[in-house]
Amino acid sequence: MNDGPAPRGHGRLLRVSRTAVLLLVAALVAMCGATMPQRGGPPWASPGLVGGGGWPFAGEPLPPADADGAAYLPGSSAVRLRDGRVRLVPLGGERAITVAAHDPRVAAAVRSDQAWLARGTVPGADLPAPPPPRPRPHPQATSPVGPPVVSPRPEPVAVPGPYRDMAARALLDLRLLTRPNGASLASWYGAWRYSWPRDSAFAAAAFTATGHRPEARRVLRFLAGVQSADGRWAARYHADGSAVTDGRPPQSDALGWVLWATWFFRTQDPEAAAATPELWPLVRRAADRLARSLGRDGLPPPSPDYWERSPGSEQVPDRATLGVVGPVLAGLRAAATFARDTGRPAEAARWRAAAQRLAGATARDFAPLGYPRSPLRGGWMDTSVTFLGPPFGPPDPGVAEACARAARKQALPNGGVLPGEYWSGNKKIAWTPEMALFALSAAASGRDGEARSRLDWLARHRTTLGVLPEKVDENGRQAAVAPLGWTASLVLLTLTALERPLPVPAP
């Protein structure tokens, strides 16, 4: 809208203002160039984190412009660039540097990472090999006058075991995402650079499964420290442990997942659990909160779940989704078993009774409908049906059939899956945590072929550095941040389940 001619001198002032803005931008680039987004692409498009193996396990994204021809040095988070130099975070440092390959800091970083991996296990050594990765364009590897430039993927790390490369990378990425205080970040960028209790619970379980117990214990102690007196957690936390105050309400599924992860930790290392006194108050507060929350119908109240959206947008707004019901049921069963095994019969009986009420309500309201997301005839399916079976609940033929039906309805032409049937977001983008949940469900239920097929898809759709991203587009390219901690955790649990049975909370 034009309000008349500009006042005298306006042009000169505009030129001065533009010059000032340009100078400010230049200064910002000079000061923050390492973290500024690369021109022409999304700011999350780094193919992975650069690390160095030393405390505080700092990670910094590799600029997409440096991705072509880059590869991690075997068993480490140090990156060899195309020109032969190495980018790493030196021991004791928090910022990445680029050094010659013969620099002694390179060998020190690699030794440190490899030694940490060796303190536990890297699952996948005895499984059939995944198909070789196919070359594909990087989201930002474009030429000025033509189509994307195809950058071949570096060869997998030369360590024994066909899936071992993917597992080692997932473990190292989880460590880079876990801060010294135990805050496990979802990823490194923007809206992902927070600690969700849900994601953190799976990180703790993955560290537990691979024998990296100090890291698991650190994550659980962080969760115990930020838990509120009423047993709940905020939806997410800053890395320093302060709650993110953006209006998101507490999410009930988080309580269930943290209870399950705490119980899982104890089953694998009772001595370490006994030496962690924070765990029992965490369990007591969260389990009592969930048990009291069950309504007269035996179900928990509506709450956001892993879809991170308001219950008012669900098909049945006034009822909890299966994304809440499944974790709450797993959490109550896990808490009851934890209490029983630690000599607390009164709490065990109380939480077992609550779990049985919820199990009955689930059988009544969800099972006859085929386990849709919301208890509605013809309701839409989603990945949360996997929360009812192994490793979170006992085997059930009805649940197994519902998992297969959900996977079919959510399948995409690129081989991946949507989060749910009739997903309201981009219907061409596959989500890796959902694919990994189907893989874990299959592996824990004895459907090894299906689990391996889904792992193969995940292996083929890593970034050019071999990192697991959150999303994959219709052309098979990274479509969101990498790494995603939740996907890394689920892949590690899936590979472990293919090697040995994972424990399941007693029904």
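Is Asp246 buried, exposed or partly exposed? Asp246 is partly exposed, at a relative accessible area of 35%; buried stands for under 20% relative accessible area, exposed for over 50%, and partly exposed for the range in between (1.4 Å probe, protein chains only).

The legends below describe a predicted model, in which local features need pLDDT of at least 70, side-chain atom pairs count only at pLDDT 80 or more, and totals for chains, interfaces and linings use all residues. Residues are numbered from 1 along each chain as its sequence is written, and side-chain values use heavy atoms, with hydrogens and water left out.

**View 1. Overview of the protein.**
The protein contains 14 helices and ten strands. Helices (H or I, at least four residues) and strands (E, at least two) are DSSP runs, numbered from the N terminus. Of its 507 residues, 56% count as buried. Among contacts with a separation of 6 or more, 67% are between residues 24 or more positions apart, where contact means heavy atoms within 4.5 Å.

**View 2. Packing of helices H6 and H9.**
Two packed helices are described by the angle between their axes and the distance between the axes. Here the axes of H6 (residues 252–268) and H9 (residues 322–341) come within 7 Å and cross at roughly 35 degrees. Axes are lines fitted to C-alpha atoms, for helices over the stretch in contact, and angles run from 0 to 180 degrees between N-to-C directions. The crossing of H6 and H9 is left-handed, that is, the near helix is turned anticlockwise from the far one by less than a right angle. On the H6 side the contact includes Trp257, Trp260, Trp263 and Arg266, and on the H9 side it includes Pro327, Gly331, Phe338 and Asp341. The residues of this contact divide into ten nonpolar, six polar and three charged. Ala, Val, Leu, Ile, Met, Phe, Trp, Tyr, Cys and Pro count as nonpolar, Asp, Glu, Lys and Arg as charged, and the others, Gly among them, as polar.

**View 3. The Asp165–Arg462 salt bridge.**
The structure holds 31 salt bridges, each a side-chain nitrogen of Lys or Arg within 4 Å of a carboxyl oxygen of Asp or Glu. One of them joins the side chains of Asp165 and Arg462, at 3.0 Å from N to O. Asp165 lies in helix H3 (residues 164–177) and Arg462 in the loop between helix H13 (448–460) and strand E10 (471–472), so the pair ties together parts that are 297 residues apart in sequence. Asp165 is buried, with a relative accessible area of 12%, and Arg462 is also buried, with a value of 6%.

**View 4. The salt-bridge network around Asp246.**
Asp246 and Arg248 form a salt bridge whose closest N and O atoms are 3.1 Å apart. Arg248 is partly exposed, at 34% relative accessible area. Both residues belong to a network of salt bridges that also links Arg198, Arg236, Asp253 and Glu308.

**View 5. The Arg319–Asp365 salt bridge.**
The side chains of Arg319 and Asp365 meet in a salt bridge of 2.6 Å, N to O. Arg319 is placed in the loop between helix H8 (279–293) and H9, and Asp365 in helix H10 (residues 345–365), so the pair ties together parts 46 residues apart in sequence. Arg319 is partly exposed, at 24% relative accessibility, whereas Asp365 is buried, at 14% relative accessible area.

**View 6. Cis peptide bonds.**
The peptide bond from Pro390 to Pro391 is cis, with omega near 5 degrees. Pro391 sits in the loop between H10 and helix H11 (397–410). A cis bond also runs from Ala482 to Pro483, with omega near 0 degrees, and Pro483 is in the loop between E10 and helix H14 (485–499).

**View 7. Positive phi at two tyrosines.**
Tyr371 is not a glycine, yet has a positive phi of about 60 degrees. Tyr371 lies in the loop between H10 and H11 and is buried, with a relative accessible area of 10%. Tyr422, also not a glycine, has a positive phi of about 55 degrees. Its loop runs between H11 and strand E9 (430–431), and Tyr422 is exposed, with a relative accessible area of 55%.
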